[in-house]
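Open the model in your viewer and keep the selection panel at hand.

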Amino acid sequence: MEYQQNLDTTSRGQRLINWIDERYRMRELMGAMLHVYIPKESKTYYLGGITLLLFLVQVVTGSLLALYYRGTPDEAYDSVMFITSTVQFGWLIRSIHAWGANLMVIFCIIHLLRVFFQAAYKAPRELTWGVGVALLLVTMGFGFTGYLLPWDQRAYWATTVGSEMAGAVPIGGEFLLRFLRGGETIAAATLSRFYGIHTLILPMTIAALIGIHLLLIHQQGLANPRQPAKTAPEGNLPKKGKPFFPNYVLGEVVSWYMIIGLLIILASLFPVGLEAKANPLETPPHVKPEWYFLSLYQILKFVPRVMGVLLPMVAILMLFLLPFIDRNPEVLPRKRPAMVTLGIMALIVIIAFTVWGKIS
Amino acid sequence: MRTNKIDARIVFGIISVLIVLLSLVMITSAQSSASGEATPAPKATATAGKIKHGTIGFSNCLKCHLDGFREAPIMPGDDHATYNDNDVCLDCHEPNTPEDGTVWKNLLPGSTPVPIQHPASNGLNTCYDCHLELGDQLTDIAQMWIESVHGKAGIGCADCHGGDPNTDEMKLAMQTESGYIGVPPRLVTPQICGGCHSDVERMRSYKLPTDQYAKYTQSVHGKKLRQNNDTRVAICTDCHGSHNVKKGSDSTAPIYPVNVPELCAGCHADTTLMESYGIPTNQYEVYKSSVHGKLLLEEQDVRAPTCASCHGSHDAKPPTSDEVVNVCGKCHTATEDLYGQSLHSRIGDNAPKCWTCHGTHDVFKTGEEMFMNHKPQEDKACTSCHLDNKSFRMDKARFAQKEDRRCDTCHHEGSRIMRQVTGIYVALNDANTVYEETESAIKKASALGMIVTDAEIKLREARTSLISARAAVHTTKLPVVTKFTDEVETSAEVAKTIADGKLQENFFRRFSMIIAVVIIIVIIITLSYLKRKIDRELEKES
């Protein structure tokens, strides 16, 4: 009877929600996910959220592209040409996918820098940091494998020089090179391999990593950039923080709209082009890998190959282990000058080599 | 009677003794003359009035006699105390010239070249071994030889200089009996080289042609050498080097295409040397700024013609006016065919040839200015363009300047031919304008990020037709030219339609982008307002 009354007094939408909630207790789940509080001092600049948005954009645009793309050397180039010049809004989807990829790498890096300079990687967030670094590597893997797919001259030769770097890895470098290329040179095996990695292996990996990353963040809450974190989480303290929903989420949505606007502007004003079809017999002048591998590529020109590959490998390992290496509990930049200086110096070196690689 | 007999015996005996004595004197005299000991060479009795040198081919006396090289008597000695100048030696002594030496007999101009005769090498080259130790120039030539094509192929010193390459006794190695000839005189050098290089069997393993010597004998250089004994002309070693001969494909070789103009200029830009031949010396300077010279020397494009491409190398000679068409046609085959269809080609010797419009060493980039200069023309006579002699050929001087190489230099203004020329000019001009407009539209669309591959394909078709139209000018026929210019316009119009479509699409994209961005900005402003509102409420609560 009471049940019947309830139905009478509520709207249809509410009734539907109630219907679901009675069965699956969704309100509780949503409450646990959304109705949490974050420190008032937190300044995330929504960078992680933006990266997540860009990932979602890539999933949507990538799925649409996969409807037309054909991953064989004979057909890849023509299918991309078809997408770009004939398919309705194909140019827009492809351009957004390409620009989105670049922005995703950029925002991944800026997000990492924000976490580094705010010392948010420190205990108890070591694992969140590690997963974050892994996410950056996977994102770059997406970029590397996706770059080859249009099968034009730029794609082919950038991948050639990019994969050459893998060959320089000491012990097993040759194997790694052959494993990547599926043979001695970049050919049909490489293309189908890269396409498979780009659309199956990496998406599953990144989805799992993002899930873990978000779960860990949810469990620990956001770090306070003003105060050193306590090892044990403080729990959900409404009075000390501001609500995640709707205050923070609203800010996030605003930032998402900005990024969507930026993507539309970039894709419209600078649509991604297509060079001549890949020709393994004709090496174009000034072959360079994508911009995020440029610094490494430039360094490789000056140091011995083994050294040039070992150096970034050690750097990545150090990045993973950063929370364990830097045991200073302080979070304010002025109280951790050595680490901040080191970070700025590393950043300057990477930017300098990237610019140098670009103009040389 | 008895007395008569005795008298006769005495007379016979005396005569016999006298004959024997005379014979002895003659034999002794002959022996001493052969050994060269007794009789001082009478200066006045030699044919040229001079003392012949013992070995062959040396005119630089002090080279050996100053330090006793090859056991030569050291000069100045006691009896020649004041003679320390080569010229002074040559006052009384005469170098042994090839004509005198038996070794040169088979190398004299006109004879078939045969290899230098010398003892076969037993895998040794003692010349090289010693020369390497001698220092200065003598060591340099040894080092150059070992690096040369000949050194690498095992063609030894003796193959050009004669001598015995097996003995380390210098005197034995370098004696006339061993076939030693020293430095081959320029007059016979081509025959020495030809001795091997004309030998089909010998050259087969090197995949080298064997007609160089035959060609050389027909060349201006070879003829002057053989007929006039003029040793100033180019011989094999002047172009290929002597001890340091390199392959033609070696970029450091003097005969490598890019180096050829400078090589020829070595002699042909020498005003002193060329004066006696009456040949101009500015060809290299003129060539350097021509389209061919720029392509070869600046862009290092070895497909561009060098001096040898038109004049020949071993068979070097200036092509005659008639031959110019054939020479240019070696590379410009299609143009040669088109020229063959023209009235110009049918007139014969007196007609304009390639050089009349394009020049020779100064071939320049062609352009529309070659039709007419749009200035009032003076009345023309036959001699305005043709030589005022029986040959009636085109006057080279009239076309010496680039700006004079035009159709209206020869053809009368308002003539039927000039009307045809004007028609060709207008057709080409119009086609070019359409092409450039289309190219500009495609570039504009491409700069906006549009993919214009399909338009570019059509533009390439238009370009091919435009090139064909320009080349068709050589037929001097308006219908042939307009056939191609019409093709240019058809292809260019299709390409332009595609490019204009791309530009319109780009406008639509940008317009849509503005609308989308405006909507997004409105949403952002609204959401930001909402956020500020709830943030303030939160602050009030806390």
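How many salt bridges does the rule find across the interface of chain B and chain A? It finds 0, a salt bridge being a side-chain nitrogen of Lys or Arg within 4 Å of a carboxyl oxygen of Asp or Glu.

This is a predicted model: local features need pLDDT of at least 70, side-chain atom pairs count only at pLDDT 80 or more, and totals for chains, interfaces and linings use all residues. Residues are numbered from 1 along each chain as its sequence is written, chains are lettered from A in the order in which they are written, and side-chain values use heavy atoms, without hydrogens and water.

**The interface.** Select 22 residues of chain B and 25 residues of chain A: they make the contact (heavy atoms within 4.5 Å). Together the chains bury about 2,100 Å², 77% of it on carbon and sulfur atoms (accessible area lost on being put together, 1.4 Å probe, summed over both parts). Now pick B:I451, B:R509 and B:M513. These three supply 27% of the area that chain B buries against chain A, more than any other three residues.

**The cores.** Move to chain A and select A:Y69, A:Y121, A:W129, A:W151 and A:L191. They have the most contacts inside the largest nonpolar core, which has 45 residues (buried Ala, Val, Leu, Ile, Met, Phe, Trp, Tyr and Cys joined through side-chain atoms within 4.5 Å; buried is under 20% relative accessible area, 1.4 Å probe, protein chains only). Next, show A:A134, A:V138, A:L209 and A:A267. They are among the 25 residues of a second, separate core.

Last, centre on A:Y121. Beyond its neighbours within four places in sequence, its contacts include A:W129, A:L322, A:R336 and A:M339.

How values were computed
Buried area = accessible area lost by both parts, 1.4 Å probe. Buried < 20%, exposed > 50% of the residue type's maximum accessible area, 1.4 Å probe, protein only.
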